[in-house]
Amino acid sequence: MWLRISFGKNTMQQKSPSLKDRRIRSFVRRQGRLTSAQQLALEKYLPKFGLQTSNGIFDFTKEYKREAPTHLEIGFGNGQSVANMAVAHPENNYLGVEVHRPGVGNLLQLIHKQELTNVRVMTDDAFDVLQNNIADNSLAAVYIYFPDPWHKRCHTKRRIINPEFVTMLAAKMEIGGLLHMATDWEDYALHMMKVMNDMPQFKNSAGAGAYSPRPEWRTLTKFEQRGHRLGHDVWDLMFTKI
Ligand SMILES: C[S@@+](CC[C@H](N)C(=O)[O-])C[C@H]1O[C@@H](n2cnc3c(N)ncnc32)[C@H](O)[C@@H]1O
């Protein structure tokens, strides 16, 4: 059975949860169409650069064929930010997790065109990936840029930044690791700050209660550009695991 969820003019569908699967998800599967190039990239390159949830806890040394710090981007959209970071920092491993298949296809195209060897991709719910595949204390950085704001009051429980999710992130990150978030929704920025302020595992890099200046290296993503068009401000939050 499918549920219909409305956002203004847009309607999305989500499979109704079975009795075994009652967790509230931070996304709905969008019906976005795959271009033929994205479809081809998924077929050709996902087997090469994709990691499988069924493989249990990952050994990053084996997956990337080297020892290097591993950075995770959750909900990477079209993947431009992961690709740019991977080009700028060949010394790091990057793992991108995104449920929207056209975006995954797009990132795979970028990986192929730019001959990136330090990126791996997953098409799964980040919650499941963290829970089933990521070893404790193994991530050097986590990026969550412009997560779905779920701004209607009845939807805020879907926000990916919530105490349960951030507690799991904290367990998976190395001490000294960076958690970097950005949003163009003021209410979500306040919510993120509140959640993070209540987490003893993290220290605000900008000082207690402060937002960070936008780092010039952060890619201007599709959703940040959309926020600009709507006249929204942008808030960056940077926290270090202590
Ligand atoms: C608003 S978009 C932002 C995309 C991109 N970061 C940007 O700034 O353009 C949020 C993205 O997060 C993805 N997403 C939401 N929850 C997720 C989850 N639990 N696991 C993986 N991806 C998720 C959605 O599919 C969507 O593409």
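Visitor: Why does Lys 48 count as exposed?

Guide: Its relative accessibility is 61%. A residue is termed exposed over 50%, buried under 20% and partly exposed in between, as judged with a 1.4 Å probe and the protein chains only. Lys 48 therefore belongs among the exposed residues. It is part of helix H1; helices here are DSSP runs of H or I with at least four residues, strands are runs of E with at least two, and both are numbered from the N terminus.

Please note that this is a predicted model, in which local features need pLDDT of at least 70 and side-chain atom pairs count only at pLDDT 80 or more, while totals for chains, interfaces and linings use all residues. Residues are numbered from 1 along each chain as its sequence is written, and side-chain values use heavy atoms, leaving out hydrogens and water.

Visitor: How far apart are Lys 48 and Met 181?

Guide: They are separated by 133 residues in sequence and by 29 Å in space, C-alpha to C-alpha.

Visitor: Why is Arg 25 called buried?

Guide: Its relative accessible area is 18%, and Arg 25 is therefore buried. Arg 25 belongs to the loop between strand S2 (10-15) and H1. Its side chain is joined to that of Asp 125 by a polar contact of 2.5 Å. That term requires a pair of N or O atoms within 3.5 Å; within protein, one must be able to donate a hydrogen and the other to accept it, and residues adjacent in sequence count only if both atoms are side-chain atoms.

Visitor: How do you know that the length of helix H4 agrees with expectation?

Guide: The expected span is 1.5 Å times one less than the number of residues. For the 13 residues of H4 (residues 101-113) this gives 18 Å, and the end C-alpha atoms are 18 Å apart, so the two agree. Its buried residues include Pro 102, Val 104 and Leu 108. Among the elements covering the buried residues are helix H1 (36-49), helix H3 (80-88) and strand S5 (119-122). After H4 comes Glu 115, with a positive phi near 50 degrees.

Visitor: Which residues have the most contacts inside the largest nonpolar core?

Guide: They are Ile 74, Ile 144, Phe 165 and Leu 179, in a core of 36 residues. A second, separate core of 24 residues includes Ala 41, Val 104, Tyr 143 and Tyr 145. Such a core is a set of buried Ala, Val, Leu, Ile, Met, Phe, Trp, Tyr and Cys residues joined through side-chain atoms within 4.5 Å.

Visitor: Which protein atoms lie 2.8 Å from a nitrogen atom of the ligand?

Guide: One is a polar side-chain atom of Ser 26, and another is a backbone N or O atom of Gly 75. The protein covers 96% of the 590 Å² of accessible area that the ligand has on its own.

Methods: Contact = heavy atoms within 4.5 Å. Areas by Shrake-Rupley, 256 points an atom, 1.4 Å probe, with all protein chains shown as cover.
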